[in-house]
Amino acid sequence: MSVAPAPRSAKKKSARPGGTLYRGNTGMWSWVLHRITGVAIFFFLLVHILDTALIRVSPEAYNAVIGTYKNPIMGLGEVGLVGAIIFHALNGLRIILIDFWGKGVKYQRLMFWIVVGVWVVLMAGFVPRHLINVFSEVGN
Amino acid sequence: MSTIEAPRSSPTPARRSGVNWEKWGWIYMRASGVVLVVLIFGHLFINLMVGDGVKAIDFAFVAGKYATPFWQVWDLLMLWLALIHGANGMRTLVNDYASSPRLGGVLKGAIFASAAILIILGTLVIFTFDPCPAVPADQFSLLPSFCPPQ
């Protein structure tokens, strides 16, 4: 007696690769973004500790270096930095929920879009305020 | 006569003794991550959102913060937790992508050295910092307002 293979539904064919959270779509791209933002933040952290250490050298030296953070081009870079930090932070919390919350894997995709939504809200609060601060410095 | 291994048995048996550092690293990333979200979001809010944001940051601003133990402890925790978190994350990437064990060893050595040096430097700065240092006359105006006249 032979058993006919169960017909594969057409839906299955176009579906994302199964069996793993980290292959394809949101599971994979959030992982890629987590790595890229993590590396960027790490290198900024190295620089940021060195520039802050200048408070131990002299007020003049610290003010000269921190002054470059108020330049508009650096200001745009700070928008990118804060964007990277917020994503890394929120996605990190999502990873923790996937690891420790019983329903984390089930809701990982939804949680990714919640991360994106909260990121948009926080950036909407931060970016205009920061750019006004940075660009109002021009010419002063 | 050689025995045939059971399917899917791992080529090397799991280590059964000693500290499982990879496990503790995994736990550390999550534990420090939660604390860092609070510390760094607070740091960004106080330094970039309140008042004039980045425009207000200068020596007097930082000196005012470090005159209180609260911000000293805050920044000390951020320093240690973030650098170890970041260095361990970079170690993971090197383990994944380094094309040879030798290159990986060099890169991990560089990561460890930079993290260790910056942790020591940052800790020394936080604990030896004087918010009212002796400065030349033309820098008096850069000191925080609570400093006694020189």
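Trainee: Is W113(A) buried or exposed?
Mentor: Exposed, because its relative accessibility is 51%. Buried means under 20% relative accessible area, exposed over 50%, and partly exposed is in between, with a 1.4 Å probe and protein chains only. Keep in mind that this is a predicted model, where local features need pLDDT of at least 70, side-chain atom pairs count only at pLDDT 80 or more, and totals for chains, interfaces and linings use all residues. Residues are numbered from 1 along each chain as its sequence is written, chains are lettered from A and ligands numbered from 1 in the order in which they are written, and side-chain values use heavy atoms, with hydrogens and water left out.

Trainee: Where does W113(A) sit?
Mentor: In helix 5 of chain A. Helices (H or I, at least four residues) and strands (E, at least two) are DSSP runs, numbered from the N terminus. The C-alpha atoms of W113(A) and T26(A) are separated by 8.7 Å, though the two are 87 residues apart along the chain.

Trainee: How many helices and strands are in chain A?
Mentor: Five helices and zero strands. Along the sequence the pattern reads α-α-α-α-α.

Trainee: And what share of chain A counts as buried?
Mentor: 39% of its 140 residues. Also, take the contacts in chain A between residues at least 6 apart in sequence: 67% of them join residues at least 24 apart. Contact means heavy atoms within 4.5 Å.

Trainee: Show me a buried one. Why does H34(A) count as buried?
Mentor: Because its relative accessibility is 17%. H34(A) is in helix 2 of chain A. Neighbours within four places in sequence aside, H34(A) is in contact with F87(A), H88(A), N91(A), G92(A) and I95(A).

Trainee: What about T37(A), buried or exposed?
Mentor: Buried, at 9% relative accessibility. T37(A) is placed in helix 2 of chain A. Not counting residues up to four places away in sequence, T37(A) touches A84(A), F87(A) and H88(A). Its C-alpha atom is separated by 9.8 Å from that of G80(A), 43 residues apart along the chain.

Trainee: New topic. Which residues touch the most other members of the largest nonpolar core?
Mentor: F42(A), I55(A), Y62(A), V82(A), F59(B) and L83(B), out of 55 residues. A nonpolar core is a set of buried Ala, Val, Leu, Ile, Met, Phe, Trp, Tyr and Cys residues joined through side-chain atoms within 4.5 Å.

Trainee: Which element gives the largest share of this core?
Mentor: Helix 3 of chain B, with ten residues.

Trainee: What does I55(A) touch?
Mentor: Leaving out residues up to four places away in sequence, I55(A) touches Y62(A), F59(B), V62(B), Y66(B), V125(B) and F129(B).

Trainee: Now packing. How do helix 3 of chain B and helix 4 of chain B pack?
Mentor: At an angle of about 175°, with their axes 10 Å apart. That makes helix 3 of chain B roughly antiparallel to helix 4 of chain B. Axes are lines fitted to C-alpha atoms, for helices over the stretch in contact, and angles run from 0 to 180 degrees between N-to-C directions. Under 35 degrees counts as roughly parallel, over 145 as roughly antiparallel, 65 to 115 as roughly perpendicular and the rest as oblique.

Trainee: What kinds of residues make the contact of helix 3 of chain B with helix 4 of chain B?
Mentor: They divide into 15 nonpolar, five polar and three charged. Ala, Val, Leu, Ile, Met, Phe, Trp, Tyr, Cys and Pro count as nonpolar, Asp, Glu, Lys and Arg as charged, and the others, Gly among them, as polar.

Trainee: And helix 5 of chain A with helix 1 of chain B, what angle is that?
Mentor: About 35°, with the axes 11 Å apart. Helix 5 of chain A brings L122(A), G125(A), F126(A), R129(A), H130(A) and N133(A), and helix 1 of chain B brings F41(B), L48(B) and M49(B). These divide into five nonpolar, three polar and one charged.

Trainee: Last one. Where is Q150(B)?
Mentor: In the segment after helix 4 of chain B. Q150(B) and G42(B) are 34 Å apart in space, C-alpha to C-alpha, and 108 residues apart in sequence.
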